[in-house]
Amino acid sequence: MKQDGFRGIAYIDHCGCLLISRKGHLYRRFSALAGELAELDRAMVLDGEIIAVDSDGRAKFYDLLYHRVQPVFYAFDCLALDGRDLRGEPLIKRKRILKAAVKDAPAVLFAQHFIARGQELFSAVCERDLEGVVAKRSDAAYGEDWFKIRNPHYSQYEGRRELFDKRNPRGH
């Protein structure tokens, strides 16, 4: 499932954790989350989404944006572990490694991989007013054959473009 938040790469080692944006910027505002991820105390690079969740486990973008709740890291891939680059490994293997690496981390939600029945999953996502899904081949290397499929009626998109246009008048 696609979660509504800020995409981030978590670089974790014995010195701590850096949360880096998709555009390569350090997320300073999520320093508490980075501190919690550092407690994994193992060298790893995780790909995921920084999200705020409500009591039902649904991502709430505006709660994240306005710091209403403590965020969590929705981890969907493990790019490296203990110095070993995993990006060339099949997704299904990386998911097994990821699940084992983050199993006891309270600040991490593990993104399950559903094999087959994608149309049913997407229908359920839309019925529950969630953002969408990302379809990936289970035998693919990192970044290959990803398809983002958004819920066209997702309610939390309303007013978002105007909000970000106000924050950055040049539209960048």
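Which side chain meets Arg84 in a salt bridge? In this predicted model, the partner is Glu89, and the N to O distance is 3.1 Å. Arg84 has a relative accessible area of 40% and is therefore partly exposed. Glu89, at 22% relative accessibility, also counts as partly exposed.

The structure holds 14 salt bridges. Side chains of opposite charge can pair when their charged atoms come close. One of these bridges is formed by the side chains of Lys2 and Glu131, at 3.3 Å from N to O. The pair links distant parts of the chain, since Lys2 belongs to the segment before β1 and Glu131 to the loop between α4 (118-127) and β7 (132-136). The two residues are 129 residues apart. Both Lys2 and Glu131 are buried.

A further salt bridge is made by the side chains of Asp82 and Arg42, with an N to O distance of 2.9 Å. Asp82 lies in the loop between β4 (72-81) and β5 (84-85), and Arg42 lies in the loop between α1 and β3 (44-51), so this pair ties together parts that are 40 residues apart in sequence. Asp82 has a relative accessible area of 48%, which means that Asp82 is partly exposed. Arg42 likewise counts as partly exposed, because its relative accessibility is 34%.

The backbone at Asp82 was also examined. Phi of Asp82 is near 50 degrees, which is a positive value in a residue other than glycine. A positive phi is also found at Asp129, where the value is about 55 degrees although Asp129 is not a glycine. Asp129 is located in the loop between α4 and β7.

The strands were considered next. How many of the residues of β3 are buried? The count is 8 of the 8, so β3 is largely enclosed by the rest of the structure. Strand β3 pairs with β1 in the antiparallel sense, over 7 bridges. Within this pairing, Ile9 has Asp47 of β3 as its bridge partner. Strand β3 also pairs with β4, again in the antiparallel sense, and this pairing runs over 8 bridges. Here Glu49 stands opposite Tyr74 in β4.

The structure holds 8 aromatic pairs. Phe6 and Tyr27 make up a tilted pair, with 6.2 Å from centre to centre and 45 degrees between the planes. Phe6 lies in strand β1, whereas Tyr27 lies in the loop between β2 (16-21) and α1 (31-38), so the pair ties together parts that are 21 residues apart in sequence. Phe6 counts as buried because its relative accessibility is 17%. Tyr27 is buried too, with a relative accessible area of 17%.

An edge-to-face pair is formed by Tyr142 and Trp146, whose ring centres are 5.2 Å apart and whose planes stand at 90 degrees. Tyr142 counts as partly exposed, because its relative accessibility is 23%. Trp146 has a relative accessible area of 25% and is partly exposed as well.

Ring pairs also build a cluster, which consists of Phe6, Tyr27, Phe30, Phe61, Tyr62 and Tyr66. Arg160 is placed over two rings of this cluster, those of Phe61 and Tyr62. Over the face of Phe61, Arg160 lies at 3.8 Å from the ring centre. The charged end of Arg160 sits over the ring of Tyr62, at 5.9 Å from the centre of that ring.

On the surface, a nonpolar patch is formed by Tyr11, Leu18 and Leu26. Together these residues have about 270 Å² of accessible area. Tyr11 belongs to strand β1 (residues 6-13). With a relative accessibility of 41%, Tyr11 counts as partly exposed.

Technical notes
Residues numbered from 1 in each chain as written. Predicted model: local features only at pLDDT ≥ 70, side-chain atom pairs only at ≥ 80, totals over all residues. Heavy atoms only, no water. Patch = residues over 30% accessible without salt bridge, like charges linked within 9 Å, V, L, I, M, F, W, Y side chains within 5 Å. Areas by Shrake-Rupley, 256 points an atom, 1.4 Å probe, with all protein chains shown as cover. Salt bridge = Lys/Arg side-chain N within 4 Å of Asp/Glu carboxyl O. Helix = DSSP H or I, 4+ residues; strand = E, 2+ residues; numbered from the N terminus. Buried < 20%, exposed > 50% of the residue type's maximum accessible area, 1.4 Å probe, protein only. Phe/Tyr/Trp six-rings, centres within 6.5 Å; stacked < 30°, edge-to-face > 60°. Lys NZ or Arg CZ within 6 Å of the ring centre and 35° of its normal. Pairing = 2+ DSSP bridges.
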